[in-house]
Amino acid sequence: QRQGTRPRASFARQMLAPLLIAGGCALLQRPRLLQASAPQSLRLAASPLAQVPAAAPAPAAAQPPASSGKKGKGRLNIRIDDEWYDLTNWRAAHPAGTHWIDAYNNSDATEVMYAFHSDKAISMFKRLPNSRAPPEGIAPPSASTYAFRELRQRLVEEGWFKIHPLGELQKLAPWSAVTAAGIWLARRSGFWSAFAGVVCLAIGNSLAGWLSHDYVHGRQPFAWAMRGFGELIGGMSTTWWSNKHNMHHALTNEVGYDEDIALDPALHLWAPDPRHDTLPWLRQWQHVYWPLPYSILFLYWRFDSIRYVLKDKKWGEAARLAAHWAAFSALVPFRLLLASVWLSGLITATIVTVTHQSEEIFLGDTLRKYDFVEAQFRSTRDAKCNNWFSDVLWGGMQWQLEHHLFPTMPRYRYPALSKVLAQFASENDLTYRVTGEFKIIGDNVALLKKIGQGPQQPGNPNSEPLFKQV
């Protein structure tokens with residue numbers, strides 16, 4: 001037995017431990033089952049989304065940027081299903097925060113409303129007060145937007161959003177197997193066992209991240225029951241992550257809104273203004289050192305999660321985070337646990353960034369220029385995985401466009417959905433983008449080199465958020 005390590009547990013106990021922890025998610029989250037709403041298909045069958053005009057209007061012109069959300073005399077108006085609502089007196093009551101409401105002032109929020117909200121929330125928005133003086137000069141939704149609403153309605157009626165027990169088990173199986181193997185290897189003596197244990201635990205942690213991601217997006221009773229998986233297994237606050245992540249979904253690659261592209265001064269994704277280019281000598285090497293900031297992703301997120309739950313008194317989440325660290329620290333030597341979190345950060349950050357960062361980034365004249373559907377097609381690219389291991393490791397993120405357009409749809413529907421979206425794109429003058437998994441990483445490294453060694457651009461903004469989300 002290696003000096004300084006705990007006595008080995010039985011093989012069966014090591015293999016069952018992660019599964020027992022996962023099972024605790026359902027027990028701790030069981031009350032949420034009672035809060036689940038009716039199936040989505042029942043709601044949208046009578047939704048205004050089905051009422052697509054016979055003659056859709058021409059593509060929308062650029063919408064004016066949303067206001068900064070600062071308190072003033074103006075009213076806060078948002079359009080949903082071609083109706084304007086005055087949310088001035090309601091914004092503070094929005095459960096996900098005021099930044100969401102403010103970011104869509106004088107804008108259409110239909111797609112975001114249906115993409116992220118539960119059936120119960122959607123059934124409530126019709127109670128909101130209508131705008132007495134809707135803003136003038138706002139372009140109507142584009143033809144492709146109305147076509148997308150019709151497509152979504154059809155997918156709901158056909159059952160694409162329903163979960164399947166076998167599909168859910170197939171998602172859990174790789175995580176449980178590789179995590180159990182990682183725990184067993186990490187507790188054995190010898191360098192190579194420890195190394196293999198770190199790799200397995202890192203892969204398991206990334207897979208746990210994808211599962212937590214699915215459960216937070218999901219609006220089915222099973223997803224609600226498993227939501228605590230994010231804290232117990234993933235080690236991150238689900239509320240903190242949801243507040244941060246959903247703005248990225250809604251306003252992808254929009255500078256000042258999407259915090260996933262707020263990487264400067266560590267990494268620059270567009271030519272910086274001289275005032276913001278604090279380390280120009282370092283920027284020219286960003287295509288070389290990029291793995292370093294990526295690898296600290298999970299360590300930073302875990303620290304930020306603890307800070308958030310304590311500050312906002314999310315005691316249930318805090319208890320699950322404490323259970324996470326206690327359980328994994330008891331099962332795995334702590335230094336190996338930290339090493340696995342570091343490696344997992346590199347794996348996960350690479351996967352989640354490459355499908356967006358080499359696509360269009362909206363700033364200046366293109367900021368908030370396109371409607372939701374066209375913006376997603378412009379800012380998102382799928383990755384074509386070449387083998388079963390990559391398919392598992394990417395955790396559904398290889399179908400990034402499908403996920404961004406339909407975040408509550410189970411990921412095992414995405415391969416079939418990709419064919420539907422490719423046809424939709426061809427019929428609506430949009431570009432469906434897909435690139436091989438290794439080439440897409442290479443394209444991102446090439447972009448980092450181009451921006452890193454390129455000139456400065458006076459007037460370009462930095463990535464400081466207009467709306468602080470967490």
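Me: Why does Glu359 count as buried?
Reply: In this predicted model, Glu359 has 8% relative accessibility, and buried means under 20% relative accessible area, with exposed over 50% and partly exposed in between (1.4 Å probe, protein chains only), so Glu359 counts as buried. Residues are numbered from 1 along each chain as its sequence is written, and side-chain values use heavy atoms, with hydrogens and water left out. Because the model is predicted, local features need pLDDT of at least 70 and side-chain atom pairs count only at pLDDT 80 or more, while totals for chains, interfaces and linings use all residues.

Me: What makes the link between Glu359 and Arg433 a polar contact?
Reply: The side chains of Glu359 and Arg433 are joined at 2.8 Å, and a polar contact is a pair of N or O atoms within 3.5 Å, where within protein one must be able to donate a hydrogen and the other to accept it, and residues adjacent in sequence count only if both atoms are side-chain atoms. The side chain of Glu359 also makes a polar contact with the side chain of Ser358, at 3.3 Å.

Me: Where does Glu359 lie, and which residues does Glu359 touch beyond four places in sequence?
Reply: Glu359 lies in the loop between helix 17 (334–354) and helix 18, where helices (H or I, at least four residues) and strands (E, at least two) are DSSP runs numbered from the N terminus. The residues that Glu359 touches, not counting those up to four places away, include Asn253, Arg378 and Arg433, contact meaning heavy atoms within 4.5 Å.

Me: What makes Arg378 a charge over the face of Tyr370?
Reply: Arg378 is at 4.1 Å from the ring centre of Tyr370, and a charge sits over a ring if NZ of Lys or CZ of Arg is within 6 Å of the ring centre and within 35 degrees of the ring normal. Arg149 likewise lies over the face of Tyr146, at 5.4 Å from the ring centre.

Me: Why is the pair of Tyr114 and Phe125 called edge-to-face?
Reply: The ring centres of Tyr114 and Phe125 are 6.4 Å apart and their planes stand at 90°; rings of Phe, Tyr and Trp (its six-membered ring) pair if their centres lie within 6.5 Å, and planes under 30 degrees apart count as stacked, over 60 as edge-to-face and the rest as tilted, so this pair is edge-to-face. Tyr114 is in helix 4 (residues 110–116), and Phe125 is in the loop between helix 5 (119–124) and helix 6 (143–157).

Me: Which residues touch the most other members of the largest nonpolar core?
Reply: They are Tyr104, Phe406 and Leu417, in a core of 42 residues; a nonpolar core is a set of buried Ala, Val, Leu, Ile, Met, Phe, Trp, Tyr and Cys residues joined through side-chain atoms within 4.5 Å. Helix 21 gives the most to this core, with six residues. Leaving aside neighbours within four places in sequence, Phe406 is in contact with residues including Phe148, Phe161 and Leu417.
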